[in-house]
Amino acid sequence: MMDAKFQWQLADSIDQATQDQLAKELKLSPITAKILVNRGYQTAEAIDQFLHPQIKNCYDPFLMHDMQRAVERIQSAIEQGQKITVYGDYDADGITSTSLMYETLLTVGADVDYYVPNRFTDGYGPNVQAFNRLIDNGTQLIVTVDNGVSGNEAIAAAQQRNVDVVVTDHHELPQELPTAYAIVHPRFPGSKYPFGDLSGVGVAFKVAWALLEEFPTELLDLVAIGEVADLVSVTDENRILITYGIQQLRTGMRPGIHELVKLAGINEQTINETNIGFGIAPRLNALGRMGDANPGVELLTTLDDEAAVDLAKMVDTKNQDRQKLVSDISDEALQQAQTAENQERNVLVLSGHDWHQGVLGIVASRVVEQLGKPTIVMNIDDETGLAKGSGRSIDGFDLFQAVDGLRDLTQAFGGHQMAIGLTVPVANVAQLVEQLQVTQQAQQLATLAKAPMLIAGQLSAVDANLTLFNELEQLAPFGTGNPRPQFLFQNQLISDVKQIGKNNDHLKLAIGDEDTKLAAIAFGKGELAPELQAAVDQVEIVGTLDENEWRGNRSIQLMIKDLKTNGIAVIDERTNNLSAPLFQGNDVYICFDQQVIDQLQPQVNATLILAASINSAMLQQQTVTLVDCPPSLDALKAVFKVGGTPTAVRVFAYQKDDAYLMGMPTRQEFGMLYKFVQTHQNVDVHRQLGTLSGFLKIDRNKLIFMIQLFFEVGFVKIEDGVLNGVVNPPSVELTSADLYQKRQQLIETEKALVYSNSKDLKHWVLQCVASD
């Protein structure tokens, strides 16, 4: 049985009468009306405003704290010819914020430049040294975008040099605010601004609107990119800004974005929030992760078509470099995570040399996604003796709190519940690893409930059609606060299960019967294919509807987000030490060798059943334990064919002799034995076997097999334990002998059931259970 990763929560019909009335009035399907009502839109007016966002419903920028003061100071700088520097940030929200503010100030006639700090040399936010360099170069007013509320030291240093700082930011406000000339922030205490979830570029846009004294539609493409990249709530005012920003992106007006979209393989006419989140934003983010993010601003603001081509290629190349780094480091980190020690740990600390610091957060996220454990990934620098890295957590576990109690082991530490950054002396890393296993116990990490997954409704393959998809697309743009609806597919047959992708990493299957099949894709779940192939009528799937276009034909496919089976669980308990505690359950214990039964029965209370004596339906809906390794996979298939389908299969796979590791005798070994029996007479096999094994330098058990094989084909005779060669033996091909064939089958079976990894073991067992 395969369990779901999330706790599924099927949305209730909280007001069926309202849903039915709104569906009829607005000509919506019942499922769409249900989604809207459950998301809080419970009147025709509210739904109409949601489905048809209007710019007129955006809020007055002057409602935001210090907006008037900020605008007046910027205007004063322009009038006095003061040099203004826009001080940004190196992620996609910061790059778009910088571009938007820089472009706006150019438009209103400012003497302006910009500075995007370097992640590795400047760090995040206002930096004293960076501010001083800017001031030394003539800057007389600094305008921060997407940062600043925590820049107390740098802002104070600027003021000591008579340079004002206007902060525009959206991050959490610290207890002690900087003494900036103005702080423009949508959640400033006491602020009258009605929507606090703008990203950095959203706040910059409000300043631009106030400066330009009209709504700057042409800047909304930058707003859409930054807001989607920063995962802000796609509701209320953000929904309006992102909707119109996507429309602006589709016009292709910015040469740099136009070229970047082409390189990303995105259809510019149908670009949406998914394309931004997975195509554009990662490429912009790659710049800051790899080093200097300033070229990102050049890309977004250039009007030169040729320069746009070159800049887009450079950005795309940086992203490819970033992808390779992430892939390579992730492979190493995941391999490290699978060691015996780490498999027992609930929180992982993974470290390596020459792991690029800019991508460690992504690597940590990948490990968390695959293993479901909070993970810290660090790079070890032998020259400095420091390990620097990032951590990512899971829902319900506060990673910041877990490390906060270990601050004495760190040199630098910060972050929040789901993500942290830290620097640790290499000498303290081992202690950090061990102490984290203690601090995590306070939060009872091992017993955390699964993260909830909200399901909008239940569908069948027939329901999932283009008509429903097109209607659901009216709810776009999707994102935080307005997720793409997820649906449950239950009691549906699945078929055509296969692994796809270069490394068979991904899963593809079909849902429904022959008349109506819905294609489904699950990224990163390729290893589940064997189990799903054995449980085709016992699978429940949760996913979102997506459109697939191939050669002009549109169809719907399901993007699988979670799944579970009610089928057979394969439990890997392989051992060569059969002890009484292993036989305390109510399982059906199956042995393929009578000698194993004779050996074990006096020591255990359980009933051991010889495979050959399995009766019809004896195994149906039972937990079956395979005590020893079967002589062949066909023998295992025969057990289930007669006994029926169990609910679970435990695998001990004990083997008395190790045929797989011993291997098949070589032609040279067979020749040595043949020559010996032809030249020696009256060998007492029982007494002289050890001597013969040593003389021929052939393993004792292998030698026994060879003698038995020679006896079967008539090369030797054995009478009363005495071995002699046969004069004029028959001409026989050893590989055709029954005993040789059985050993070959045993070797293949041990390879599949004893020496495979757990994933492959499950594959072989399920294949045998499902075999006709």
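Trainee: Which residue follows H22, and is its phi positive or negative?
Mentor: Gly644 follows H22, and its phi is positive, near 100°. Helices here are DSSP runs of H or I with at least four residues and strands are runs of E with at least two, numbered from the N terminus.

Trainee: Before we continue, what sort of model is this?
Mentor: This is a predicted model, in which local features need pLDDT of at least 70 and side-chain atom pairs count only at pLDDT 80 or more, while totals for chains, interfaces and linings use all residues. Residues are numbered from 1 along each chain as its sequence is written, and side-chain values use heavy atoms, with hydrogens and water left out.

Trainee: Back to H22, then. Which of its residues are buried?
Mentor: H22 spans residues 633–643, and Leu633, Leu636, Val639, Phe640 and Gly643 are buried in it. Buried means under 20% relative accessible area, exposed means over 50%, and partly exposed lies in between (1.4 Å probe, protein chains only).

Trainee: What do the buried residues of H22 pack against?
Mentor: Their partners are strands S21 (588–591), S23 (623–628) and S24 (648–654), together with H27 and helix H28 (758–770). Contact means heavy atoms within 4.5 Å.

Trainee: How about H4? Which residues of that helix are buried?
Mentor: In H4, the buried residues are Met67, Ala70, Val71, Arg73, Ile74 and Ala77. They cover an arc of only 165° around the axis, and therefore sit on the same side of H4. The face of H4 turned away from its buried side carries Glu79 and Gln80, which are exposed.

Trainee: Which residues other than glycine have a positive phi?
Mentor: Asp236 has a positive phi of about 50° although it is not a glycine, and Asn682 has a phi near 55°. Most residues other than glycine have a negative phi, and most peptide bonds are trans.

Trainee: Where do Asp236 and Asn682 lie?
Mentor: Asp236 lies in helix H10 (residues 236–249). Asn682 is in the loop between helix H24 (667–679) and strand S25 (683–684).

Trainee: Is Asn682 buried or exposed?
Mentor: Asn682 counts as exposed because its relative accessibility is 54%. Asp236, with a relative accessible area of 36%, is partly exposed.

Trainee: You mentioned peptide bonds. Is the one from Ala476 to Pro477 cis or trans?
Mentor: The peptide bond from Ala476 to Pro477 is cis, with omega near 0°. Pro477 is found in the loop between helix H19 (466–472) and S14.

Trainee: What can you say about Leu488, and where is it placed?
Mentor: Leu488 is in strand S14 (residues 487–489). Leu488 counts as buried because its relative accessibility is 7%.

Trainee: How far is Leu488 from Gly543 in sequence and in space?
Mentor: Leu488 and Gly543 are 55 residues apart in sequence and 6.8 Å apart in space, C-alpha to C-alpha.

Trainee: Which residues does Leu488 touch?
Mentor: Not counting residues up to four places away in sequence, Leu488 touches Trp8, Ile455, Gly457, Gln458, Leu459, Glu540, Ile541 and Val542.

Trainee: One last residue, please. Is Asn319 buried or exposed?
Mentor: Asn319 counts as buried, since its relative accessibility is 1%. Asn319 lies in helix H14 (residues 305–337).

Trainee: What is Asn319 in contact with?
Mentor: Leaving aside its neighbours within four places in sequence, Asn319 is in contact with Pro282, Arg283 and Ala286.

How values were computed
Arc of directions from axis to C-beta.
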